[in-house]
Amino acid sequence: MRKYMIAMVQMDTQNDKGENLRKAEAWIDEAASMGAKLICFPEVMNLIGRNVGEGGGKEQIPGYTTEVLCRKAKEHGIYIHGGSITEELPGEKRSANTSVLISPEGEILARYSKLHMFDITLADGTPFNESDKVQPGEEIVTVETELGIFGMSICYDVRFPELYRLMALKGAQVIFVPASFTMPTGKDHWEPLLRARAIENGCYIVAPGQIGKKPAYVAYGNSLVADPWGTVVARAKDAPGITYAEIDLDYLDQIRKQIPSLENRRTDLYSVKNTKESL
């Protein structure tokens, strides 16, 4: 399928997993009724905070949340990108921040765990290390579907352009960036980073975000879709809900021919001195 509609869900996820998922199911039903072939959710779509409802806290995959999403995907015969959930890792104290892509048959086609950890030292010298609680993934993930080749990333990953270039070189045409960006960084960095990733790689960037007040921060929202020219073709309102966008793979091919940055790369010069790394 070369042209199709997607639905991007912006959520204000809180600390009742059952209620969060009931809202997600209602949005899936609505988007499917409008003809969306792919529905995308934000980072930590099922739970933020200590759960006061059903379904527990972190969970294994397959598990409570993915079973709900798989059932809805099969019911409507659509693809669902599950944003991300906090995945329980057997035998590990740390969890993973993991996305799944679900087929119209209700099967998990691909899974991806966030690669880049937000490990920093605050201005007062206090360290903040996401890696203390979250185990980073070890694999760059792309997956071929009837809707094109998808690439998977999560939130802070967007600051590492080499990841997106590698996915594009593996054929990715649509790259997901589910996120829960904070208000201060979101207002300055969110849109420029997403548009840059789209322009650099001649791909669609689909970035569903969290919105609203969370236990430790206010989420920025502004979920958007950027096309291969870098134009923002869809943007969410300042509230939870669905935003629709069209994916046109023929247009993507046209832009890649017009600006062949993937073909014009100078790989003979890209080795990083004194390391084994290359781009």
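The largest nonpolar core holds 45 residues, and Phe150 and Ile205 have the most contacts inside it. A nonpolar core is a set of buried Ala, Val, Leu, Ile, Met, Phe, Trp, Tyr and Cys residues joined through side-chain atoms within 4.5 Å. Buried means under 20% relative accessible area, exposed over 50%, and partly exposed in between (1.4 Å probe, protein chains only).

The model is predicted: local features need pLDDT of at least 70 and side-chain atom pairs count only at pLDDT 80 or more, while totals for chains, interfaces and linings use all residues. Residues are numbered from 1 along each chain as its sequence is written, and side-chain values use heavy atoms, with hydrogens and water left out.

**Exercise 1.** Find which residues Phe150 touches, leaving out those up to four places away in sequence.

*Solution.* Contact means heavy atoms within 4.5 Å. Phe150 then touches Tyr4, Leu38, Leu101, Val141, Thr142, Val143, Thr145, Ala172, Val174 and Phe176. A second, separate core has 24 residues, among them Ala31, Phe41, Ile85 and Ile102.

**Exercise 2.** Describe how strand 10 is placed and paired.

*Solution.* Helices (H or I, at least four residues) and strands (E, at least two) are DSSP runs, numbered from the N terminus. Two strands pair if DSSP finds at least two bridges between them.

1. Strand 10 covers residues 148–152; 5 of the 5 are buried, so the strand is largely enclosed by the rest of the structure.
2. Strand 9 (residues 142–145) runs antiparallel to strand 10, joined by 4 bridges. The two form a hairpin with 2 residues between them, and Thr145 stands opposite Gly148.
3. Strand 11 (residues 174–176) pairs with strand 10 in the parallel sense over 3 bridges; Gly151 has Ile175 as its bridge partner.
4. From strand 10 the chain passes through helix 3 to strand 11 in a right-handed β-α-β crossover (clockwise from the first strand over the helix to the second, with the strands pointing away from the viewer).

**Exercise 3.** Locate the buried residues of helix 3.

*Solution.* In helix 3 (residues 161–169), Leu163, Tyr164, Met167 and Ala168 are buried. They lie on the same side of helix 3 because they cover an arc of only 135° around the axis, taken from the directions from the helix axis to the C-beta atoms. Just after the helix, Gly171 has a positive phi of about 105°.
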